[in-house]
Amino acid sequence: MAERPNHSISSRKQPKQARATELVAAILEAAVQVLESEGARRFTTTRVAEKAGVSVGSLYQYFPNKAALLFRLQSDEWRQTGGLLRNILEDTRQPPLERLRSLVHAFILSECDEAAVRGALNDAAPLYRDAPEAHEARASGKRTVQTFLREALPEAPEAVRALAGELIMMTLSAVGRDFSGSPRTPAEIESHADAMADMFCAYLGSLGHRG
């Protein structure tokens, strides 16, 4: 059974003053750089502190250990992905299938742009996969997708929409992860995103999407 995260995986305290906020921002930026260059296995608080130009003691004021720092990076990534979902799928100015197409392109591009960091965070996932924030991130994404599908498939049974949402998100995540595992050109990203969007749109069409 996976060990549940405890207080040691959370930030020690939150910055309240501008100087402290800048310090945390510098630490997080350095953490991303170290993660990109070293990977999760060689990622240490000492390397991050050196990269940020701060003492390890200063880092520990906000992040008590490596797990807490990785967890913060992962939490920020969850918020970013969730924001991407909401901003695109809830934009009712565009027809549903156009929104889905835009989401696929934005997601694949994001996966490729941040492949090194995302890959390293996936390696560290056992540290926080059962954290409440992880469950909430998944639940929030699921709610956003289901709200979108209720609009896109108004006559489909709830069970059909639930399955469609699960298949779309699982496929998007798996393909994005695998596709971004190798360097890609803009043309490759565009063509693969187009093909995946076509596949999803055809799938929704088969389920009864109209308009």
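Hi everyone, let's start with a network of salt bridges that links Arg72, Asp76 and Arg79; a salt bridge here is a side-chain nitrogen of Lys or Arg within 4 Å of a carboxyl oxygen of Asp or Glu. Please keep in mind that this is a predicted model, where local features need pLDDT of at least 70, side-chain atom pairs count only at pLDDT 80 or more, and totals for chains, interfaces and linings use all residues. Residues are numbered from 1 along each chain as its sequence is written, and side-chain values use heavy atoms, leaving out hydrogens and water.

Residues three or four places apart point the same way, because an α-helix has 3.6 residues a turn.

Now to Glu158. Its salt bridge with Arg161 has closest N and O atoms 2.6 Å apart, and the one with Arg150 has them 3.8 Å apart. Is Arg161 buried or exposed? Arg161 is buried, at 7% relative accessibility, whereas Glu158 is partly exposed at 40% (buried is under 20% relative accessible area, exposed over 50%, partly exposed in between, with a 1.4 Å probe and protein chains only).

Last, the helix pair: α5 (residues 96-113) and α9 (residues 186-206) pack at about 145°, their axes 9 Å apart. Axes are lines fitted to C-alpha atoms over the stretch in contact, and angles run from 0 to 180 degrees between N-to-C directions.

Terms used:
Helices (H or I, at least four residues) and strands (E, at least two) are DSSP runs, numbered from the N terminus.
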